[in-house]
Amino acid sequence: MAQTTKTREEAFTPDWRFQEPVAWRDTDLDENVLTEWFHYMLLGRQIDYRFQVLNRQGRAPFIISCAGHEAAQIGIGWPLKPKYDWLAPYYRDVVLCMRMGMTPLDLMLSVLAKAADPASGGKQTPGHFSDSRHNITSGGSPVATQMVRGAGVAYALKMDGTDKVLLTCYGEGAGAEGDAHEAFNFAAVYKLPEVFVCENNGFAISTPFSKEYAIEHVAQRAAGYGFPGVTVDGRDPVTCYVVSKEAVARARAGGGPTLIECLVDRLGAHSSEDDQRRYRTQEEIDLLSQNDCLERFKKQLIEEGVLTAKQVAEDEEAVKEEVTRATKAGMEADDPRPEDALTNVYAVEAPEAIDPPAGAETEEMNMVAALRSALTEEMERDERVMVMGEDVGKKGGVFLVTDGLRAKFGEARVIDTPLAESSIAGVALGLAIAGKRPVAEMQFTDFAHMAFNSITNEIAKYRYRSDGDWSVPLVVRAPMGGHAHGALYHSQSIEARFATPGLKIVIPSTPYEAKGLLLAAIRDPDPVLFFEHKRLYRMFKEAVPKGEYLIPLRVARTVREGSDISVFCYGLMVHYALEAAKNLEADGVSVEIVDLRTVYPLDKDAIIASARKTGKCLVLYEDNFSVSVGSEVAALIADEAWRWLDAPVKRFGGLDVPSMPYAVPMEEYFMPTPDKITKVLKELAAY
Amino acid sequence: MAGKTTRVVMPQLGESVHEGTISKWLVKPGDKVVEFEPMLEVDTDKVNAEVPAPVSGILREILAKEGETVQAGAEIAVVETGGGASEKLLPTRGEVAAKPPEGLAKTEIAKVEPAPPAPSEPPPREREGVESHRYSPGVQMAASELKVDLSRVTGTGLGGRVTKKDVQDFAAKAKAAPPASAPAAAPVAPAEGDQVVQLTRVRRLIAENMTRSKQTIPHAWQTQEVDMSGVVANRAAAKGAFQRQEGFSLTYLPYVMAAAISALRENPHANATFNETELIVHRDINLGISVGMEDTLLVPVVRRADGLSIAGLARAVNDLATRARGKQLKADDLSGATFTVNNSGTFGTLFSYSVINPGQAGILTMEAIVQRPVAVDGMIGIKPMMYLCFSFDHRVLDGLQAARFLTSCRKWLEAVTLETPIY
């Protein structure tokens, strides 16, 4: 019986506090550290000025400023160990990234979009810091994505039994995103070694805090998730250090996440594209400079005798020179070549075919069993492999694909996630960049839309936007397709919608194929979307070898040889096409069937070869008729096989309606069925 | 606002026909059409037929223009039939497409219809129809690789389109049996003042059939002279009553047909088809009758002609000729002849070297009946004489058998007396 009331052992007290200022002499800090901090802050500010100059010179089309955030960043970042702990930064974290190991030259190369830019090789706008050497994850522009990704990294760090910590930063504006919520929740549930840092400067571009939050302090939110929140004056690096040190220690000790809110000022506009005078008065702007964290810290150091005015002036000169050297070196560096636009979409190498061992024992399996066999064997073989998703644990997934994995491999490698698809994908991304081989499950392709940004904007672009610095070996599995009375939200074919360079999309058609393709997908260095047709799960059994065999991705399969018409299809449609092809035998029409297997990117050679061979092509799919993978196949044939064609390239797909309707007559009407396919093939044969 | 409408579809003009070319619209949009009254003329394989309106109403739209070749079942016009109901599509597109030519296309078209021929000369621009002379890139590539002259390939695809498979089949057959034909004569460019007459579909089909006949059949020819005294007397005695009873006049043609039928019974190999490796001797005698018209030539068929009397043959011929002139023939009236009788004598000819219809062993031509001095019992007499000319396939018949056939005909005609019954 489910409990309807919960007895509490202690009263619920939101664990939030405002950290009162702490004097540096009451901490473990000393003059040398403070001097070093001052240098970092000066560097940050000077680099920021230089960025603005380069922007006004037309050398840097876009810049984004850290001015006003330097104190918080150095204080918060100081307890982290460079090259040991991890950072999921946001776009203002110039000082934080330098603290973790990046240099002024690295930043100049990025702002000048040079080939040697370690963050992206000139592919991303500046501010998207990244460097695997320093455990700085690559960021994209949609905000809060670093938070779910960071949670994945933190999960991996914890799984590995280290005391490494991940620090995630975000602007308070990003706190409104769903990903922020999903990340807080996931980190809390799994008590991850993570510190969330909100650099609250009061503006999301122009939107003031009062229009973003209905509470007084961002950090008060932490209580709702079940971890502590601390608000601190971000202009005071010492106090920031104190709260960070506490949070990092808590994370290292397995105590779970903390949310730190640093109250900072944004001294300039949001970016070079923004004019803050549209939403801030001159009075406000003037007031900001009086409260400048750098000036305040400088004054404090001189007053407290840490540095003399002369030493400060010398350091300021030294920093200017350092930045000038970096700027010159940056300007002299090579620009990327135009064709570098094509590099690092996919890894250069991918797993090759491995045949089943000679005389391998086989077992009659349906597709569910074959997939389970692949997951089990691969998890046994490679301890980095893990599964995650909704209900994948004890229940074994809604289709029982992961049945038994929890018992065999334990909770850590079989994660029951909250119902939050964006974080399922985002966490998988974090796991993958931190060295795991996650196989994430979306309960249905229909629900994967909740993860659309995570998959197409983050996962797909990760290798490219870091210019090959990061690799994302992960698989997202999802049951797809209709003709199983799943209606609008349990039937969709989403392969075309998700097709994005950087991703591979695989749709197996038989149990044998499913196992070999899934093994290849897991071992692939690039992210693979693996869509399994629900109707095929238990439609039939076939002999599936035990043990390892790999079917390479991006290679189509000729299921049936023929000479008169080629049918290009995948998934369930392969079987419907086979049935239709038999119906045409009596008419003496010889139909060739090509199973695309990997629907993105396409095996162009196989498609072109078959199209040229027969000269008559039917592209068959159950996705919407328009803007489908099939549309792409048809266009490819028109481009590359035109001179061989003996009939217009024919497409046959589902209806152009939003999704598959529920009632059987309407569902039947939507679906390409063997009878309908037969008719289409006969028309094509008669053409 | 729009009244109830009916979509007129291309009728299937005969079992073996699956398409037709619209030769003439007899009504234009806005005109009144009356159910069962002719709406348009359609050219099929060999027949030019009038197609009656399926409903009465106002022709609202013509969907298939003159010169277009349209599949049976395809929509060709919209007729507004009045009433307020919304427009109803009669056959849906799917339903129409659901009756593809299937298997019959290959066999029957190849035999009966030499298909919309491809132009053998370059300018394909202002030719009638569209599909007939446009080749898919795949067909052009296959033709180039296999060195196939596309103008000689019979199309089995949609609208008689030449398919890649047709080209491959053609090349395979050509390889198996290299054609004996000489290359076609070089095209002649029209000189100044010459009139260029575009060939009608029927004209082109006749041309193809005749060329095929002469290219594939080794023709041989014989003639015998027949004393027609008995036939002339018999007809003269019977024709008045016949005209009154039947409503049309009795000609000499049914007599000659009866003679041919009798001769075919005695010489069955003349009623046969030469089939490369075998001879198919037909049981039925289906007699093709040449009916010459102003601009064309039709050969309608009298089926199982051996069961008919002279009057019966006369009726059958009259029926076919009337319908031919009224463009009411169905394609099935034009196919399946096993032997042909030609009556060019009505135009005054004395000797005709007729061309055999492919698939038959011979063609018998009756020439003009002429009063001629002949030797009768050692004296000069005047008699109505007629030459019977016989073109025959030398692969089927030798001179001896041909002569026997002709002799049978002659003897039957010369044996006619006043007592010979015509009913």
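How many bridges join strand β18 of chain A to strand β19 of chain A, and do these strands run parallel or antiparallel? In this predicted model, strand β18 (residues 565-569) and strand β19 (residues 591-595) of chain A are joined by 5 bridges and run parallel. Within this pairing, A:Cys569 has A:Asp595 of β19(A) as its bridge partner. Strands of a sheet pair through backbone hydrogen bonds, in either a parallel or an antiparallel manner.

The two strands belong to an open sheet of 5 strands in chain A, whose order is β17-β19-β18-β21-β22 and whose pairing is mixed. The edges of the sheet are formed by β17 (557-560) and β22 (650-654) of chain A, and because each has a single partner strand, one side of each is left without a neighbour in the sheet. On average, and with direction ignored, neighbouring strands of this sheet are turned by 25° against each other.

Helices of chain A are also placed against this sheet. Helix α20 (residues 572-585) of chain A lies across β17, β18, β19 and β21 (617-624) of chain A, and runs at about 175° to β19(A). Helix α22 (residues 629-640) of chain A likewise packs on the sheet, where it touches β18, β21 and β22 of chain A, and its direction makes about 160° with that of β21(A).

Taken as a whole, chain A contains 24 helices and 22 strands, and 56% of its 687 residues are buried. Of the contacts in chain A between residues at least 6 apart in sequence, 81% join residues at least 24 apart. Elsewhere in the chain, A:Lys394 is located in the loop between β10 (385-389) and α13 (405-409) of chain A. A:Lys394 counts as exposed because 12 other C-beta atoms lie within 10 Å, the cut-off for an exposed residue being 12 or fewer. Although A:Lys394 and A:Arg406 are 12 residues apart in sequence, their C-alpha atoms are 6.2 Å apart in space.

Between the two chains, 14 residues of chain A are in contact with 17 residues of chain B. The side of chain A that touches chain B consists, by class, of 6 nonpolar, 1 polar and 7 charged residues.

In chain B, two helices illustrate how buried residues can be arranged around a helix axis. An α-helix has 3.6 residues a turn, so residues three or four places apart point the same way. In helix α3 (residues 137-146) of chain B, the residues B:Gly138, B:Val139, B:Ala142 and B:Ala143 are buried. Seen down the axis of α3(B), these buried residues fall within an arc of 130°, so they line one face of the helix. They are covered by elements that include α4 (164-176) of chain B, whereas B:Ser144 and B:Glu145, on the other side of α3(B), are exposed. Just after α3(B), B:Lys147 adopts a positive phi of about 55°.

Helix α5 (residues 201-216) of chain B has 16 residues and spans 22 Å from its first C-alpha to its last, which is close to the 22 Å expected at 1.5 Å a residue. In α5(B), the residues B:Arg201, B:Val202 and B:Leu205 are buried. Viewed down the axis of α5(B), its buried residues lie within an arc of 100°, and therefore line one face of the helix. The buried residues of α5(B) pack against β2 (19-25), β4 (38-43) and β5 (48-52) of chain B.

Technical notes:
Residues are numbered from 1 along each chain as its sequence is written. Chains are lettered from A and ligands numbered from 1 in the order in which they are written. This is a predicted model: local features need pLDDT of at least 70, side-chain atom pairs count only at pLDDT 80 or more; totals for chains, interfaces and linings use all residues. Helices (H or I, at least four residues) and strands (E, at least two) are DSSP runs, numbered from the N terminus. The expected span of a helix is 1.5 Å times one less than its number of residues. A residue is buried if 20 or more other C-beta atoms lie within 10 Å of its own, exposed if 12 or fewer, and partly exposed in between; C-beta atoms are placed from the backbone. The arc is that of the directions from the helix axis to the C-beta atoms. Two residues are in contact if their C-beta atoms, placed from the backbone, lie within 7 Å. Two strands pair if DSSP finds at least two bridges between them. Axes are lines fitted to C-alpha atoms, for helices over the stretch in contact, and angles run from 0 to 180 degrees between N-to-C directions. Ala, Val, Leu, Ile, Met, Phe, Trp, Tyr, Cys and Pro count as nonpolar, Asp, Glu, Lys and Arg as charged, and the others, Gly among them, as polar.
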